[in-house]
Amino acid sequence: MFLRRIPTIAAHWIMNLYRAAGKLLSDAFQYNRNSSTRLSTAGVAASRCTIPSAVDKTVVFDFHGGLLRSSAIFPYFVLVACEGGSLLRAFLLLCSFPLVWIMGEHAGAGIRVMAFVTFVGLRPQDADLVARAILPKFYMERLNAQVYDHLWLPATRKVAVTSAPRVMAEWFLKEYMAADVVVGCELQIVKVGGRCYFTGLLCEPDQGTSALREVFRTDGAMADVGVVRNSNPLDHFFLRNCKDLYSVAKESTNTACLPRTRYPKPLIFHDGRLAFLPTSSATLAFFLFLPLGLTLSVIRISIGIGLPYKISFAAGALLGVRFRISGLAKNMAAKRRGVLFVCTHRTLVDPIMLTAALQKPVPAVTYSLSRLSEIMAPIKTVRLTRDRERDAAMMSRLLEQGDLAVCPEGTTCREPYLLRFSPLFAELTDDMQPVALDARATLLYGTTASGRKWLDPVAFFANPAPAYRVEFLGAVPRDRTRAGGRTGQEVANWVQQRLGEALGFECTELTRRDKYNMLAGTDGVVR
């Protein structure tokens, strides 16, 4: 009997949801019309009008929709839930999205639902890690170039207001954007067994507005300019506390993003597995594809390990793996022996891709590799000890036995930058071959600084169409080696610059320790 009534109950709920959505949309339209009326009567500058000058002024920005091109905040909650929590937490948040949409993504009730599912039971240090190492990339790529150039940069004092919990945006806004004050809702914390955890509950609703009001009281006057998204719940507060208001219309989502060359700070390091902005539709597609992606990953890895190189090329291509080789002279791999292949480092499978391109096994030296990855590797891997003399002797013995692959950066870098090259490789031999390696992923990154490294190959090959580029740049000229009177560091710098030019990457002096100190708070050694 109950099973027969399920369709009736479902139809009843669908009709109720449809009526509720219609009522909410009607209310939202009415609110938007009233807000537009208030804005026009207050002499507010619209997006199609002249942008108010922010030189020597205090400007208050609505972070989502004002400073960013989109007002959506759900994707950033998904990033915290997935990267700081787990895939299960992200899936539960996705399941709650229909409720959030009905309540309103920027409304108090909707934010409370997202905050509870995302943060309940989460440790503050995990949320801080996501805010420091993961969210800045997604924020930076979605900055509104027009607002940034004409309002943010000229402002003397910058105040950012976010509808999301302050912990999600404060680090980015202060460290990257040099904001003076960041205002947002606060999360309650409980201490259990000597450890702190988020309860998922927000503090009193007016805490954020009280903090902003305190900022104005300290200044002794109202803010000069406010930048707010149309139909934002904070409109009424901006109107009361800002002399002029710049209303960013929905058309601003089509404006150009801020070019990488004009970022406030270079975005070199970032962490996390998700390689896309997890909007509601993208997150749904991700979870639908994930079982197929993991299956493909296992099959692709098995093919690379178990089949001959020529067969694995064709089989990998049939399964969506894109592999491009250039610069490899005919029969070069068979004629030369004892060559040191100096490679850029993008993922843990770099040496395997080099081996596949040469169609012969090439041993590789590693700095920190999990035991499971060493066992699964289809080539010989040798762990470095970080003792310079011992490592140099070991690599010399390997070169006497045959070819050797080395990644002088010592760690991976996802962005178009090359880290400082260790000069050790240049002191071992003059027969060197720079190899430019680059990897592309659209769904999951195949590297991590704070996660489980043994999952790196699985994550990379779980992408719909993982892509690799291998470009051989030819032997290093003799006058550029130590035999030509160069020092080891000069050789390393020249090879780094040569690889950077081939890939279009920028060379830096940053090291492995810099990366792990920023992203994970460790020295990057797998113990």
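Student: Is Asp438 buried or exposed?
Tutor: Asp438 is buried, at a relative accessible area of 6%; buried means under 20%, with a 1.4 Å probe and protein chains only. This is a predicted model, where local features need pLDDT of at least 70, side-chain atom pairs count only at pLDDT 80 or more, and totals for chains, interfaces and linings use all residues. Residues are numbered from 1 along each chain as its sequence is written, and side-chain values use heavy atoms, leaving out hydrogens and water.

Student: Where is Asp438?
Tutor: Asp438 lies in strand β14, residues 432-440. Strands (E, at least two residues) and helices (H or I, at least four) are DSSP runs numbered from the N terminus.

Student: Which side chains make polar contacts with that of Asp438?
Tutor: One is Arg346, at 3.5 Å, and another is Arg440, at 2.9 Å. A polar contact is a pair of N or O atoms within 3.5 Å; within protein, one must be able to donate a hydrogen and the other to accept it, and residues adjacent in sequence count only if both atoms are side-chain atoms.

Student: What else does Asp438 touch?
Tutor: Not counting residues up to four places away in sequence, Asp438 touches Arg346, Ala467, Tyr468, Arg469, Leu503 and Phe505. Contact means heavy atoms within 4.5 Å.

Student: Now Asp456. Buried or exposed?
Tutor: Asp456 counts as buried because its relative accessibility is 3%. Asp456 sits in helix α19, residues 456-461.

Student: Which side chain makes a polar contact with the side chain of Asp456?
Tutor: That of Arg273, at 2.7 Å. Beyond neighbours within four places in sequence, the contacts of Asp456 include Leu348, Gly446 and Thr447.

Student: Switching to helices: how do α3 and α4 pack?
Tutor: The axes of α3 and α4 (residues 87-95) are 6 Å apart, at an angle of about 155°. Axes are lines fitted to C-alpha atoms, for helices over the stretch in contact, and angles run from 0 to 180 degrees between N-to-C directions. α3 and α4 are therefore roughly antiparallel, a label for angles over 145 degrees.

Student: What classes of residue are in that contact of α3 with α4?
Tutor: There are 9 nonpolar, 1 polar and 1 charged. Ala, Val, Leu, Ile, Met, Phe, Trp, Tyr, Cys and Pro count as nonpolar, Asp, Glu, Lys and Arg as charged, and the others, Gly among them, as polar.

Student: And at what angle do α3 and α6 cross?
Tutor: Helix α3 (residues 74-85) and helix α6 (residues 108-119) cross at roughly 15°, their axes coming within 9 Å. That makes α3 roughly parallel to α6, the label for angles under 35 degrees.

Notes. Angles under 35 degrees count as roughly parallel, over 145 as roughly antiparallel, 65 to 115 as roughly perpendicular and the rest as oblique. Buried means under 20% relative accessible area, exposed over 50%, partly exposed in between (1.4 Å probe, protein chains only).
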